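Open the model in your viewer and keep the selection tool at hand. This tour goes from one selection to the next.

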Amino acid sequence: MCTQPVILDSTLRSSGAMEFEEALREKIVSQEEALQAMVNLYQVFSAGLNPPGRPVGSLLFLGPTGSGKTRIVEAAAEILFGDSRAVIKVDCGEFQHSHEIAKLIGSPPGYLGHRETHPLITQEALAATHTDKLKLSFLLFDEIEKASDALWQLLLGMLDKATLTLGDNRRVDLSQTVIFMTSNLGGAEIMELMQGGMGFVQPEDKPATGLDEKVERAAVEAARRKFSPEFMNRLDKVVVFHALQRHQLEEILQIELGRLQQRVLETEKRQFLFHVTDAGRQFLLHEGTDQRYGARHLKRAIERHVVFPLANLLATEQVRMGDTLCIDWDKRVGRLVFWKQSAEAASVTNRLNPKLAPIQVVGTAGGRSADAPAIVKARGAASHK
Ligand SMILES: Nc1ncnc2c1ncn2[C@@H]1O[C@H](COP(=O)(O)OP(=O)(O)O)[C@@H](O)[C@H]1O
Ligand SMILES: [Mg+2]
């Protein structure tokens, strides 16, 4: 007997995966392929379909410096585990010699200093991020092109069998762990291609044809030249990150100012709001754009021109809880200037000119928007009466 077939939608993702994707998009600009790789991984894991006896996933991120390779892992940790630092991070450049490998896995019993070495990768450290709902851990090997041979051997073993044997012979099970690896290999080639591509005057309806493919091929070829086939064949996926363009840096500036506002709101005593005018943002973008360093340079510009002055203002008590600061570019002095609005004036300005409203705080640890501190809300409300 034939039953009526029911056509299923195999592209539909669970609400958990969709929420994860949305939260990740609030934190990560562009890098669509990386984003999809993360969401797919999450969906496969939550459906319980990750392969037994292997890590949950093994992803290699390639591409230029400051394009978000490390940040996407931290952002995912922030969303899933509530803390961007809930990642065991191995900076491969720091584990060049055999005694440094001991810092990673501990030294064998009987060795001098055996008791003092606390291995970085242990079952307990991995389990620290587990909750009743999500038994998952992140292990990140950053800048693997700097790894020593001994570290490579460890890494190959982990990818293959999802286990790591510590110095004292204890075994660490990595079958609930995602292994991320990043490398800046191919970054220079990508920059060259991008600059070549952007240098052409393209008709608007015709984007630089094949540029993305060329960029990807260049990065993957650089990785194949450097890394053994044995290693490349064990990876689930290689994702190439793209160099960020001006409008993308603009979005990152917005996100970073939001994170800074969040930090200010988390200070103990002097929570205040600030907003940066359009001219102020343009100045920061101008100061923070350097193709060689991607968004890293932008972050430095924010540190230098916003964080340090704000720290001075806080430390000298020139700003108080509930204040609203305006940060503007003053061409007469050639730098950003900071001025304080009274809470009442700020609320009136904000109503009259929503563009000047304090920047929106995007994404807290839980993925929700942050609220203004109680006192700011109370004063704002009072002045509306
Ligand atoms: N695509 C992106 N989306 C959001 N922020 C980014 C992105 N790329 C870089 N950043 C910002 O720049 C900083 C440096 O990026 P990072 O991920 O460490 O670079 P790398 O690709 O060299 O690992 C991050 O901490 C983040 O603040
Ligand atoms: Mg990095």
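What follows is a series of stops, each with something to select.

**Before starting.** This is a predicted model, in which local features need pLDDT of at least 70, side-chain atom pairs count only at pLDDT 80 or more, and totals for chains, interfaces and linings use all residues. Residues are numbered from 1 along each chain as its sequence is written, while chains are lettered from A and ligands numbered from 1 in the order in which they are written.

**Whole protein.** Show the cartoon. The protein has 14 helices and 10 strands. These are DSSP runs, numbered from the N terminus: helices are H or I with at least four residues, strands are E with at least two. Of the 385 residues, 35% are buried. Buried means that 20 or more other C-beta atoms lie within 10 Å of the residue's own; exposed means 12 or fewer, partly exposed lies in between, and C-beta atoms are placed from the backbone. Take the contacts with a separation of 6 or more: 72% of them join residues 24 or more positions apart. A contact requires C-beta atoms, placed from the backbone, within 7 Å.

**Helix 3.** Select residues 69-81. These 13 residues reach 19 Å from first C-alpha to last, close to the 18 Å expected at 1.5 Å a residue. The expected span is 1.5 Å times one less than the number of residues. Why is helix 3 largely enclosed by the rest of the structure? Because 10 of its 13 residues are buried. Among them are Lys 69, Ile 72, Val 73 and Phe 81. Step past the end of the helix to Gly 82, where phi is positive, near 75 degrees.

**The core.** Select Phe 61, Leu 62, Ala 76, Phe 180 and Ala 219. In the largest nonpolar core, of 89 residues, these touch the most other members. Such a core is a set of buried Ala, Val, Leu, Ile, Met, Phe, Trp, Tyr and Cys residues joined through C-beta atoms within 7 Å. Helix 3 gives the most to this core, with eight residues. Domain 1 (15-240) and domain 2 (246-384) each supply at least three. Center on Phe 61. Leaving aside neighbours within four places in sequence, its contacts include Ala 34, Lys 69, Phe 180 and Val 239.

**Ligand 1.** Which residues are closest to ligand 1? Of the 19 around it, they are Gly 68, Lys 69, Thr 70, Arg 71 and Ala 295. Helix 3, helix 10 (246-265) and helix 12 (295-315) each give two or more residues to this shell. The shell holds five nonpolar, nine polar and five charged residues. Color by domain: domain 1 and domain 2 both contribute to the shell, so ligand 1 lies between them.

**Ile 252.** Select this residue in helix 10. Ile 252 is buried, with 24 C-beta neighbours inside 10 Å. Beyond four places in sequence, Ile 252 touches Val 29, Ala 295 and Leu 298. Draw the C-alpha distance to Ala 295: 7.5 Å, across 43 residues of chain.

**Two loops.** Most residues other than glycine have a negative phi. Go to Gln 31, between helix 1 and helix 2. Its phi is positive, near 55 degrees, and Gln 31 is buried. Finish at Glu 317, between helix 12 and strand 9 (324-330). Its phi is also positive, about 55 degrees. Buried or exposed? Glu 317 is exposed, with 9 other C-beta atoms within 10 Å.

Key:
Domain bounds come from an automatic or database domain assignment. Two residues are in contact if their C-beta atoms, placed from the backbone, lie within 7 Å. A residue is near a molecule or strand if its C-beta atom, placed from the backbone, lies within 6 Å of it. Ala, Val, Leu, Ile, Met, Phe, Trp, Tyr, Cys and Pro count as nonpolar, Asp, Glu, Lys and Arg as charged, and the others, Gly among them, as polar.
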